[in-house]
Amino acid sequence: MTATSTQQPACVDHLVVLAADLASGVAWCQRTLGITPTAGGEHPLMGTHNRIFNVASPTHPRAYLEIIAINPGASKAISTSARRWFDMDDAKLQGQVAQHGPQLIHWVASVPDVAAACTALSALDIDRGAVITASRPTPHGLLQWQITVRDDGLRLMDGCLPTLIQWGAAHPCDSLPASGVQLEQLALQHPQAATLQAACTAVGVAASALVTPGTAPSLSAQLRTPRGPVTLTSVTSQE
């Protein structure tokens, strides 16, 4: 098991923005948030790559934003029958991104004990998936983490229920400079708000995100940026 660097309480770890490719993701970031993300790397396990930048704030002190895309020049190391994390292989979600451009699709919660958090969700009949070990090299050393990933790749509750992560000796924010963008609030809207709230409470992040009932599920992140306040909202296509 990977050791953790600190026993920080559970919190928002990062926001996940899916792009059809990294070039369009970077262009979206420049256009929408007024900054150019430079850090990032590859995930050989999933055949994906990313760009990341710090969005830490007094309310969310260890948060960053990840722009992620399938890496066309890489193959995934996981079995061919398993799907990539964050529903990235889902044709419907890919269609939404193709239609609307890069978009907020999910969030990840950092927990001090990912196995215990999964057990807490299991008590609510929620299968968050297996805990796998992943890593990627960076100029500052190897980042290692444990993360929950289901074989079907599902995010759960339309992306509102967080994926769980437990970091090793280092966290990305340890080496990410301030970007000029800060996460002020994360809001989750879902028809099953009571279930979502109970799940967030079970893993210790109930105070990290505002959960409200709604007819359509959505994620909304309020950011302070060099271009003023910006709200990122997920786009859910309805059947």
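How many cavities of 30 Å³ or more does the structure hold? The structure holds 3 of them, a cavity being a set of points, on a 1 Å grid over the protein atoms alone, where a 1.4 Å probe fits but cannot get out.

## Model and confidence

This is a predicted model, in which local features need pLDDT of at least 70 and side-chain atom pairs count only at pLDDT 80 or more, while totals for chains, interfaces and linings use all residues. Residues are numbered from 1 along each chain as its sequence is written, and side-chain values use heavy atoms, with hydrogens and water left out.

The average pLDDT of the chain (the predictor's confidence in each residue, from 0 to 100) is 91. A score of at least 70 is reached by 95% of the residues. Over residues 1-6, pLDDT stays under 50. For residues 1-6 the model has 18 contacts beyond four places in sequence, where contact means heavy atoms within 4.5 Å.

## The largest cavity

The largest cavity contains about 120 Å³ of space; a volume is the space filled by probe spheres set on the grid points, which are joined across faces, edges and corners. The lining is made up of 15 residues, and lining residues have an atom within 4 Å of a point. His14, His43, Tyr64, Glu66 and Trp145 are the closest of these to the centre of the cavity.

Two or more lining residues come from each of β3 (48-54), β4 (64-70), β7 (141-149) and β8 (163-167). Strands (E, at least two residues) and helices (H or I, at least four) are DSSP runs, numbered from the N terminus. Strand β7 gives the most to this lining, with 3 residues. By type, the lining of the largest cavity has 10 nonpolar, 3 polar and 2 charged residues. Here Ala, Val, Leu, Ile, Met, Phe, Trp, Tyr, Cys and Pro count as nonpolar, Asp, Glu, Lys and Arg as charged, and the others, Gly among them, as polar.

## The largest pocket

A pocket is an open set of points with protein on both sides within 12 Å along at least five of seven lines. The volume of the largest pocket is about 350 Å³. It is lined by 25 residues, of which Ala39, His140, Pro172, Ser175 and Leu176 are the closest to its centre.

At least two residues of this lining are supplied by each of β2 (39-43), β3, β6 (130-138) and β7. The lining of the largest pocket divides into 13 nonpolar, 10 polar and 2 charged residues.

## Cysteines and Ser218

There are 0 disulfides in the structure, a disulfide being a pair of cysteine sulfur atoms within 2.5 Å. For Cys11, which is in no disulfide, the nearest cysteine sulfur is that of Cys173, 9.0 Å away. Cys11 counts as buried at 14% relative accessibility; buried means under 20% relative accessible area, exposed over 50%, and partly exposed in between (1.4 Å probe, protein chains only). Cys160 is also in no disulfide, and the nearest cysteine sulfur, that of Cys200, is 8.9 Å away. Cys160 is buried, at a relative accessible area of 0%.

Ser218 is in strand β11 (residues 218-225). Not counting residues up to four places away in sequence, Ser218 touches Cys160, Ala187, Leu188, Gln189 and Ser234. Ser218 is buried because its relative accessible area is 16%.

## Loop residues

Phe86 lies in the loop between β4 and α2 (91-100). Its phi is near 60 degrees, a positive value in a residue other than glycine. With a relative accessible area of 4%, Phe86 is buried.

The loop between β7 and β8 holds Met157 and Asp151. Met157 has a phi near 50 degrees, positive in a residue other than glycine, and is buried at 15% relative accessible area. Asp151 counts as exposed, at 63% relative accessibility. Asp151 and Ala82 are 69 residues apart in sequence, yet their C-alpha atoms are 4.9 Å apart in space. Beyond its neighbours within four places in sequence, Asp151 is in contact with Ser81, Ala82 and Arg83.

## Gly40 in β2

Gly40 has its place in strand β2 and is partly exposed, with a relative accessible area of 28%. Residues up to four places away in sequence aside, Gly40 touches Asn50, Arg51, Ile52 and Arg136. From C-alpha to C-alpha, Gly40 and Ala130 are 25 Å apart in space, and 90 residues separate them in sequence.
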